[in-house]
Amino acid sequence: MNHLEQQRFTEDRSIWISAGIFFLACMALQVWRMQSLAASMDQGILYQILWNALRGHPFESTLSSQLSADVVISGNIPSVGYHRLGQHFTPILIIWLPIIGLLGKWALPLIQVSLITFSGLIFYYLAKRKLSLDLSKMLTLAFFGANAVIGPCLGNFTDLCQLPFFAFSLLLGVERRSGWLTIIPAIAIPLIREDTGVVLVGIGIWIAYKYRHLWKLGTMLILYGGAWVLITTNLLMPLFSEDTSKRFMVENFGQYLQDKDQASSIEVIQLSLQQPFVILKEIINPPGKTIGYLLGHGLPLIFIPFISIDSWLMMGLPLLGLLMAQGNPLAINWRYTYLVIPGLFAGAIYWWQKNEPVFNSRRLKRIWAGCITLSLIFTIGSNPNRTLSWLIPESIEPWVFHSPIKQWQHGVIARKAIKGIPKKASVSASSTFVPHLANREVLIRFPYHIKYNDAEMNVQRVDWIAIDLEHHRKYADKFKNEWRDLQEILDVMKDLEEDYSVRFVQDGIVILQLNSEKKSTLENQYSNLVRSTKEINPP
């Protein structure tokens, strides 16, 4: 190592240590989520489509089929061979197949935490090209301390976790005048999901504004990103299913559709532009939630992005899309924050480039450090995606807190129970079991379905059913909706008693098998569990 390399290593050491701490903490919490059954349906869907891809059936998922318009709206049953690309167009996920093949269900948490960690490091090197070392480090610490970064990272795997990595890489490529580091991320960003091309459009607008000599590059990014969104949602996704027009556009933007029961993305854009007051209403309402969401984003950066034209140019379009959506998908711990994060943080760099003398104030540095600390406190207090339920109550009123030892023991028993299910068997399982059982052709979520269409479109019943009844029991006397869900589950379980036999009962976990011999001891334990569950009173 020469003198210059040694100097750079010394300069960057504290950031690499911070990144290491972030990675280890998030990875440890992801392991806890998996082992304590906190991971759920969404993670199982993405694991199943990649597991199927390894076997020559890319993007097929019975779990996704369960969420299709054909099932949700038309009332049909899930089918083998359903392609998730009709719901979300995510071709770039294919690059992770080798890791899925190597690590199985543990690959997705590792990929997510690694990508967000490296996003922070790329962001740091981007900042270093424009700012002083100390200011670059402060911005990077703000990234690793941001609720909007940590919260989704501690949730189920999301395809959007790839977005900050590629977006910051693209911006670093532009600053370095590196062709490959610009082209590869630019191509990749729209392939992450059908709506991420909007982020590329924002970056293109910013490049054309910021670097007038690169207006051709900016224009190409705008055209590519925008065209890809329209092509995928109007031409490619309908090749696989009608879910975009019949379900997702209606659910997210139904307020603009004037009672239409389906619409393309182009129709949504046209109709929404004709109703500016409806757009304004959606952007503002509910005001408390909208303001809280924006404050949560801005806090670790001492709200600088809100006065930065660079931030607004890059994050404006994706943020507008979130604000316009029905019900506003605004939660600081949800995956959609990753649509906003790249522009929010990158724009802060360019504001500070023009105002760096402000950072010399010791008082401002203390305030900024306090804001990052406050962001971390809010993150912990919000118990993102129930990942910190071993430490933070899930509810104060009514009081809901479960011992971490009990949670861990329940997970141990659950994993023992599902080991008895053959790997090739078809299964209907509670959401908490889904990430652990998704490495199979047929998996659907209990209690919604126990039947499915096989590859020949013949109706079949699942071979096994895995029920985490305790997951519902522990909330049933606290929340009315949980009690109602529990009653529905009990009704479904009653209908299963004739054809399914009990194979495992312990700690509220039930495993049933189709057309197998009934064992009196297990059947009695099952009856006692059901009886005690029925005795739970509503809140």
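Author: What follows is a short chat about cysteines, salt bridges, a strand pair and a pocket.

Author: This is a predicted model, in which local features need pLDDT of at least 70 and side-chain atom pairs count only at pLDDT 80 or more, while totals for chains, interfaces and linings use all residues. Residues are numbered from 1 along each chain as its sequence is written, and side-chain values use heavy atoms, with hydrogens and water left out.

Reader: Okay, how many disulfides does a search of the whole structure find?

Author: The search finds zero disulfides, where a disulfide is a pair of cysteine sulfur atoms within 2.5 Å.

Reader: And how far is the sulfur of Cys-153 from the closest cysteine sulfur?

Author: The closest cysteine sulfur is that of Cys-26, and because it lies 4.2 Å away, it is too far for a bond. Cys-153 is buried at a relative accessible area of 0%, and Cys-371 also counts as buried, at 12%; buried means under 20% relative accessible area, exposed means over 50%, and partly exposed is in between, with a 1.4 Å probe and protein chains only.

Reader: Switching topic, how many salt bridges are there?

Author: The structure holds 16 salt bridges, each being a side-chain nitrogen of Lys or Arg within 4 Å of a carboxyl oxygen of Asp or Glu. One of them joins Glu-11 to Lys-128, with the closest N and O atoms 3.6 Å apart. That pair links distant parts of the chain, since Glu-11 is in helix 1 (residues 3-35) and Lys-128 is in helix 6 (residues 107-128), 117 residues apart. Helices (H or I, at least four residues) and strands (E, at least two) are DSSP runs, numbered from the N terminus.

Reader: Are those two residues buried or partly exposed?

Author: Glu-11 counts as partly exposed at 25% relative accessibility, and Lys-128 counts as partly exposed at 24%.

Reader: What about Glu-175, which residue does it form a salt bridge with?

Author: Glu-175 pairs with Lys-130, the closest N and O atoms being 3.0 Å apart. Glu-175 lies in helix 9 (residues 163-176) and Lys-130 in the loop between helix 6 and helix 7 (133-144), so the pair ties together parts that are 45 residues apart in sequence. Glu-175 is buried, with a relative accessible area of 9%, whereas Lys-130 is partly exposed at 22%.

Reader: Now the strands: how do strand 6 and strand 7 pair?

Author: Strand 6 and strand 7 (residues 509-514) pair in the antiparallel sense over six bridges, and two strands pair if DSSP finds at least two bridges between them. They form a hairpin with two residues between them, and Asp-507 in the turn has a positive phi of about 55 degrees. Gln-506 has Ile-509 in strand 7 as its bridge partner.

Reader: Why is strand 6 described as largely enclosed?

Author: Strand 6 (residues 500-506) has five of its seven residues buried, so it is largely enclosed by the rest of the structure.

Reader: Last topic, which residues lie nearest the centre of the second largest pocket?

Author: Lys-105, Lys-419, Lys-423, His-436 and Asn-439 lie nearest its centre, among 16 lining residues. On a 1 Å grid over the protein atoms alone, a pocket is an open set of points where a 1.4 Å probe fits, with protein on both sides within 12 Å along at least five of seven lines, and lining residues have an atom within 4 Å of a point.
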